[in-house]
Amino acid sequence: MDKIREQLKNPLVTGIAGLVIGLLLGWMLLGWWLFPVEWTDATPAYLRSDLKADYLRMAIDSYSKVPDKALAIQRWEDLGPDASKVLVDVQAAPSQLTPAEILAFSAVVETGELPAQTTPEAAQATEIVPGQVTTAAVTPTATEEKPKTGTLTVVLVVLCLLALVIGGALAYIFLVRNKRRGNGEATPASEAAEYNRQVERTDYSAQGQEAPVAQFMSTYRQGDDLFDDSFSIDAPSGEFLGECGIGISDTIGVGDPKKVTAFEVWLFDKNDIQTVTKVLMSEHAFDDATIRARLESKGEPVLMEPGKRVLLETATLQLEARVVDMNYGQGALPANSYFDRLTLELAIWPKEQAASQA
């Protein structure tokens, strides 16, 4: 399960998984359930070859009993471009049909009239060689009936195309926009990832404390509008203990890129029934009573300051979020209202271990 979570943090894996799931949903949910393909008034041209032969035998038998020329020609044309081949199959295996009946039918569908010499005696004398079309056999008609596309089929095709377009857009966002642009320029997300690899983590052992069971760095750079880091917390034995992370909570102003004025840092404990969340706010947001009141519903508000340490506790875990680096953006908005960059160090201990240190 943990490996799956780690893989889902990869934008490439997430984009491909989303595309596959979208196609499967479109195929099964839309194609089979909501908008299944329904055939109405289809011609025998869509039948299997053996069933086409059976259809032609019935058409010939029907004409021998009720010689309706127009109906015979219509039934012949309904077989489509394979009509001549089907006639060869019927000649090779006429079943209950006589050579006279087959010859009479083929003459009608070719000329529209009964041949003068087609009397029962003459027809009986006419030898039908299996695998060879008689002179009365017709060639495929010049005009073929094209399959009719139903409204539901059109809707299904449009929805599938729409799913592909959306999947392509998501792939672009995850694979191109959030990685590197074509000219090699680093994006805010890639710059943040590089900074996380270089920044030095706190050595708690050197400070006389127990080393945390998990320790992570998370950096936000303005322009990373999809910023949302999450991490799996595992014991040294590999046991899954919970998860933690940080994401955008609120923005200020309009336009791109987003002007982030508050973040949410959260801690999930597998042994607890709820996730603990605190809202890390800019100076402007913290001092604004309206913004503060609105964000209090998401978690306890905390004013962000360089070096600030924020504690989150659950039933069995304790998380310390330390502000490693922060800087406010400059612009037309109120001073100290949104972040240009922010780096947090997240360290997690089992609660009993944290209590013994205290």
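# Close-up views, one by one

**View 1. Helix 3 and helix 5 pack at an angle of about 75°, their axes 9 Å apart.** Helix 3 and helix 5 are therefore roughly perpendicular to each other; that label covers 65 to 115 degrees, with under 35 called roughly parallel, over 145 roughly antiparallel and the rest oblique. Axes here are lines fitted to C-alpha atoms, for helices over the stretch in contact, and the angle between N-to-C directions runs from 0 to 180 degrees. On the helix 3 side you'll find Lys52, Ala53, Leu56, Arg57 and Ile60, and they meet Val86, Leu87, Asp89 and Val90 of helix 5. Contact means heavy atoms within 4.5 Å. Helices (H or I, at least four residues) and strands (E, at least two) are DSSP runs, numbered from the N terminus.

A word on what you're looking at: this is a predicted model, where local features need pLDDT of at least 70 and side-chain atom pairs count only at pLDDT 80 or more, while totals for chains, interfaces and linings use all residues. Residues are numbered from 1 along each chain as its sequence is written, and side-chain values use heavy atoms, with hydrogens and water left out.

**View 2. Helix 3 on its own, residues 49–65.** With 17 residues, helix 3 reaches 25 Å from its first C-alpha to its last, close to the 24 Å expected at 1.5 Å a residue; the expected span is 1.5 Å times one less than the number of residues. Its buried residues are Lys52, Ala53, Tyr55, Leu56, Arg57, Ala59, Ile60 and Tyr63. Buried means under 20% relative accessible area, exposed over 50% and partly exposed in between (1.4 Å probe, protein chains only). An α-helix has 3.6 residues a turn, so residues three or four places apart point the same way. The buried set of helix 3 packs against helix 4 (69–78), helix 5 (83–92) and helix 6 (99–111).

**View 3. Helix 3 alongside helix 4.** The two axes come within 10 Å and cross at roughly 175°. That makes helix 3 roughly antiparallel to helix 4. Helix 3 puts Tyr55, Leu56, Ala59, Ser62 and Tyr63 into the contact, and helix 4 answers with Lys69, Ala72, Arg75, Trp76 and Asp78.

**View 4. Aromatic rings, in pairs and in a cluster.** Rings of Phe, Tyr and Trp (its six-membered ring) pair if their centres lie within 6.5 Å; planes under 30 degrees apart count as stacked, over 60 as edge-to-face and the rest as tilted. The count comes to nine aromatic pairs. Take Tyr204 and Trp349: they're edge-to-face, 5.1 Å centre to centre, with 90° between the planes. This pair links distant parts of the chain, 145 residues apart: Tyr204 is in the loop between helix 9 (188–198) and strand 1 (214–221), and Trp349 is in strand 9 (residues 339–350). Both Tyr204 and Trp349 are buried. Another edge-to-face pair is Tyr220 with Phe227, at 5.5 Å between centres and 65° between planes, and these two rings are buried as well. Ring pairs link Tyr220 and Phe227 with Phe263, Tyr328 and Phe339 into a cluster.

**View 5. Two arginines over rings.** The charged end of Arg292 sits over the ring of Phe286, 4.0 Å from its centre. Arg221 lies over the face of Tyr195, at 5.7 Å from the ring centre. The rule asks for NZ of Lys or CZ of Arg within 6 Å of the ring centre and within 35 degrees of the ring normal.

**View 6. Val199, in the loop between helix 9 and strand 1.** Val199 is buried, with a relative accessible area of 14%. Neighbours within four places in sequence aside, Val199 is in contact with Met217 and Val324. Val199 and Thr343 are 144 residues apart in sequence, yet 9.5 Å apart in space, C-alpha to C-alpha.

View 7. Most residues other than glycine have a negative phi, and most peptide bonds are trans. Ser95 is exposed, at 56% relative accessible area. At 26% relative accessibility, Asn336 counts as partly exposed.
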